[in-house]
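Okay, thanks for coming, everyone.

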Amino acid sequence: MNKQEVRRLIKERLDMMENRAEKERLIHEHVLLLPEWQQATCVAITLAFRNECDTRMLIEQAWQEGKTILIPKVVGDEMIFYEHGPEDQLQANQMGISEPTASARRASLAQAELCLVPGRAYRRDGYRLGWGGGYYDRALVPYAGCKVSIAFSEQLLSDFEVEAFDIPVDLIVTDLEVIRC
Ligand SMILES: Nc1nc2c(c(=O)[nH]1)N(C=O)[C@@H](CNc1ccc(C(=O)N[C@@H](CCC(=O)O)C(=O)O)cc1)CN2
Ligand SMILES: Nc1ncnc2c1ncn2[C@@H]1O[C@H](COP(=O)(O)OP(=O)(O)OP(=O)(O)O)[C@@H](O)[C@H]1O
């Protein structure tokens with residue numbers, strides 16, 4: 001399967017999936033139990049796009065725990081991270097992803113001990129496939145923190161092609177399990 005075929009298969013699976021809310025609840029529960037989450041004081045995360053797993057509950061919980069939340073904004077071919085607090089507004093970009101506004105405080109991904117990396121499909125060794133922009137493949141090159149992806153178990157695939165620039169995540173958290181890659 002090439003990348004386009006993988007993206008199409010995952011879209012089909014997620015569109016057909018049942019019990020989404022319950023699976024999201026289980027994924028969130030598994031994240032909150034990770035020592036990596038509990039120890040992080042600053043977490044980089046995205047707002048869900050299309051049929052990705054929702055993340056708002058994790059953001060709320062992070063605030064409750066006193067953590068700083070960073071959210072990326074796509075600018076050209078890179079992402080700039082901004083702090084996002086409970087009072088801050090978000091606005092949808094051209095693709096429909098919620099992003100910080102111009103008034104948000106600028107930050108750097110390097111500040112986050114934990115980065116939640118979005119993706120469409122995952123292999124059990126941590127390799128991932130995104131929407132095709134290569135944004136995380138580039139942003140993660142110098143990143144030394146812990147890379148965690150949350151995904152529905154439907155997003156795990158036994159194999160797909162990876163390229164030299166692909167960067168695997170350290171942990172994949174699904175509704176069924178926590179995979180240490
Ligand atoms: N929630 C979330 N936020 C995120 C990402 C993500 O994967 N998920 N990104 C992670 O990188 C960045 C945005 N990347 C994106 C890249 C492409 C498309 C997109 O709509 N692509 C078109 C196809 C374009 C083409 O093939 O030319 C599409 O899917 O229809 C959307 C987001 C930053 N924020
Ligand atoms: N380190 C890098 N430096 C420059 N370009 C890169 C780098 N990594 C990836 N790219 C470019 O990004 C493009 C998209 O890569 P790919 O299809 O793997 O994206 P993706 O993993 O699906 O997206 P994302 O990382 O945004 O979730 C590739 O064509 C590649 O040329």
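So, which side chain has an N or O atom 2.7 Å from a nitrogen atom of ligand 1? That's Glu52: an N or O atom in the Glu52 side chain sits at that distance from a ligand nitrogen. Keep in mind that this is a predicted model.

For the complex, we get an ipTM of 0.93 and a pTM of 0.96.

Back to the ligand. Leu47 comes in through its backbone: a polar backbone atom there is 2.7 Å from a nitrogen atom of ligand 1. With Arg50 we're back to a side chain, where an N or O atom is 3.2 Å from an oxygen atom of the ligand. On its own, ligand 1 has 700 Å² of accessible area, and the protein covers 70% of that. Altogether 14 residues surround ligand 1, and the closest are Leu47, Arg50, Glu52, Met95 and Trp131.

Now look at Asn51. You'll find Asn51 in the loop between strand E1, residues 42-44, and helix H4. Is Asn51 buried or exposed? Its relative accessible area is 12%, so Asn51 counts as buried, the cut-off being under 20%. And what does Asn51 touch, once you leave aside neighbours within four places in sequence? The contacts are Lys11, Leu14, Asp15, Arg20, Arg120 and Phe152.

Let's go to the nonpolar cores. The largest has 31 residues, and those with the most contacts inside it are Trp37, Leu58, Leu114, Leu116 and Ile150. Several elements give two or more residues to this core, including helix H1 (3-16), helix H2 (20-32), helix H4 (56-64) and strand E2 (68-75). Strand E9 (146-150) is also one of them.

Zoom in on Trp37. Not counting residues up to four places away in sequence, Trp37 touches Val31, Leu32, Val43, Leu58, Ala62, Glu65, Lys67, Leu114 and Leu116. There's also a second, separate core of 21 residues, and among them are Ala107, Leu109, Ala112 and Leu156.

Last stop, Thr41. This one is in the loop between helix H3 (35-39) and strand E1. Beyond four places in sequence, Thr41 touches Lys67, Thr68 and Glu113.

Methods
Residues are numbered from 1 along each chain as its sequence is written. Chains are lettered from A and ligands numbered from 1 in the order in which they are written. This is a predicted model: local features need pLDDT of at least 70, side-chain atom pairs count only at pLDDT 80 or more; totals for chains, interfaces and linings use all residues. Side-chain values use heavy atoms; hydrogens and water are left out. A nonpolar core is a set of buried Ala, Val, Leu, Ile, Met, Phe, Trp, Tyr and Cys residues joined through side-chain atoms within 4.5 Å. Buried means under 20% relative accessible area, exposed over 50%, partly exposed in between (1.4 Å probe, protein chains only). Helices (H or I, at least four residues) and strands (E, at least two) are DSSP runs, numbered from the N terminus. Contact means heavy atoms within 4.5 Å. A residue is near a molecule or strand if one of its heavy atoms lies within 4 Å of it. A polar contact is a pair of N or O atoms within 3.5 Å; within protein, one must be able to donate a hydrogen and the other to accept it, and residues adjacent in sequence count only if both atoms are side-chain atoms. Accessible areas come from the Shrake-Rupley method with a 1.4 Å probe; for residues, only the protein chains shown count as cover.
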